[in-house]
Amino acid sequence: MNARKLEPRPARRRVLRAALTALVAAAALPPSHAAHATAPWPTQPIRMVVPFPPGGSVDTVARTLGQALQEALGQPVIIENKPGASSVLGARYVKQADPDGYTLLLNASLQVANPLLLDTVTYDALRDFAPITEIGAQPQLVLVRKDSPYQSLKDLVAGAKAKPGELTWAIAAYGAAGHLACELVNEQAGVKMEVIPYRGGGPALVDLMGGQVTAMTEPMASAYPHVKDGKLRALAVTSSQRVAAIPDIPTVAEAGYAGFDMPSWYGIWAPAGTPQAVIDKVYAATQQALQNPAVKAKFEALSFIPVGSSPQDFAAFQANEYKTYEKVIKAIKARGANAAPRT
C-alpha cells in the first residue's frame, strides 16, 4: 500500500498561519472597505460635489445629469453644493477625499483657471485631479436688466466710456469663463468697467435683476431662462456663431471684436489616484446619461453642446485650455484686480 506523503509539520504550520493572518486582516476592515474588496464599484451612494450655490450654470448642469447618472450607475448620485472662494473650497474638498470614486467634482473651466489666477490655491489642477470627461460646452450671454438703457453691446461700451469707473460687471466667480469674457471685453473695447465677483451665478443674477450691478456675462444654462421670462435682456453671445434659441442676438465678434470666442465648458474630475476602472465606469455612465432623452432635451433647450470626451482626450483638452487661460490671466493680474467676492 502506498503511503500518502505529508508536508513537513513546519511547512503546514506556515501555511495555516498565513491563512489565519489573512482572515483576521479581512475581519478587521470596516464594512465598506470589505465590500469594496469583494464587490464591483459602486456599492454605495456617490457624492457629486458642485463648488457653487444652487441656481448657477454648474449646478444646473449637475442636476440635469444627476438622475440619468444614477440610473446608469445603479446607485444614488447626490448633488452636494460646497460653495466658496470661486469654487476653490469645493475643489479642495474633493482633492482631499479618498480616491475611491465615491466623491467626484463637477466644475466649469475655472477649475483650470483658478490655480493660475488665485495665489491662495494650494492644488495643481493638472496633477491633483484625475480628469474623467468634458460633459459639454455652451455659449455665454452678455446680460443687462430688462429696463436697462443699454440696448446693445455697443451701447454698453459707449456708456462705459461716457461714465468711466461707474458701470460694473457681475461675475459668478473670479476666474470663471464669464469673468474672462468680461475682462476681454474691457480690454478689447478699451473700457474700465469694474468686475465684482460673487459666490456663484445665482446670487450674481439676483443682483443684476435688482439693479445693483450694470451687466453680466453668464452661461446659457442659468442665464437663458431669465431672458426667456423677460427678466433680463441679452445683448450678445460670446460664441463664434449665433445661438439658434435666440437668433436675433448678435455675437460679440459682430459687435466689432473680431475673433471673440469664449464659451463655458464643464467637466467631471476625481481625486488623483482613483483607480482607472472607476474612472472608466464614470465616463461610460456619463456617455449613457448624455444619450438620455430627458437630458438631451434639457441641454438642447439651453443651447448646451454635449461632448462626453474620453479621460485621455479631456486631459489633453484641459492642458491646452491651461495655456490659453495663462495669456488672459497674465493681463488680469497685471491690472491688480481684486479677487474678493461679495457675500
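This is a predicted model: local features need pLDDT of at least 70, side-chain atom pairs count only at pLDDT 80 or more; totals for chains, interfaces and linings use all residues.
Residues are numbered from 1 along each chain as its sequence is written, and side-chain values use heavy atoms, with hydrogens and water left out.

Let us stay with the rings. A pair of aromatic rings is described by the distance of the centres and the angle of the planes. Rings of Phe, Tyr and Trp (its six-membered ring) pair if their centres lie within 6.5 Å; planes under 30 degrees apart count as stacked, over 60 as edge-to-face and the rest as tilted. The structure holds eight such aromatic pairs. In one of them, the ring centres of Trp41 and Tyr102 are 5.8 Å apart and the planes are at 50°, so this pair is tilted. Trp41 sits in the loop between helix 2 (31-38) and strand 1 (46-50), and Tyr102 in the loop between helix 4 (88-95) and strand 3 (103-108), 61 residues apart. Helices (H or I, at least four residues) and strands (E, at least two) are DSSP runs, numbered from the N terminus.

Now look at Trp265 and Phe317. Their ring centres are 5.1 Å apart with planes at 75°, so the pair is edge-to-face. Because Trp265 lies in strand 10 (residues 264-271) and Phe317 in helix 12 (residues 311-334), the pair ties together parts 52 residues apart in sequence. Trp265 counts as buried because its relative accessibility is 2%, while Phe317, at 25%, counts as partly exposed. Ring pairs also link Trp265, Trp269, Phe314 and Phe317 into a cluster.

What about the nonpolar cores? Each is a set of buried Ala, Val, Leu, Ile, Met, Phe, Trp, Tyr and Cys residues joined through side-chain atoms within 4.5 Å. The largest has 49 residues, of which Leu153, Leu156 and Trp169 touch the most other members. Its largest share, six residues, comes from helix 7 (residues 177-189). Apart from it lies another core of 37 residues, including Trp41, Leu73, Leu110 and Ala289.

Finally, follow the backbone. Most residues other than glycine have a negative phi, and most peptide bonds are trans. Here, a cis peptide bond joins Trp41 and Pro42, with omega about 0°. Ala85 has a positive phi of about 55° although it is not a glycine.

Definitions and conventions
Buried means under 20% relative accessible area, exposed over 50%, partly exposed in between (1.4 Å probe, protein chains only).
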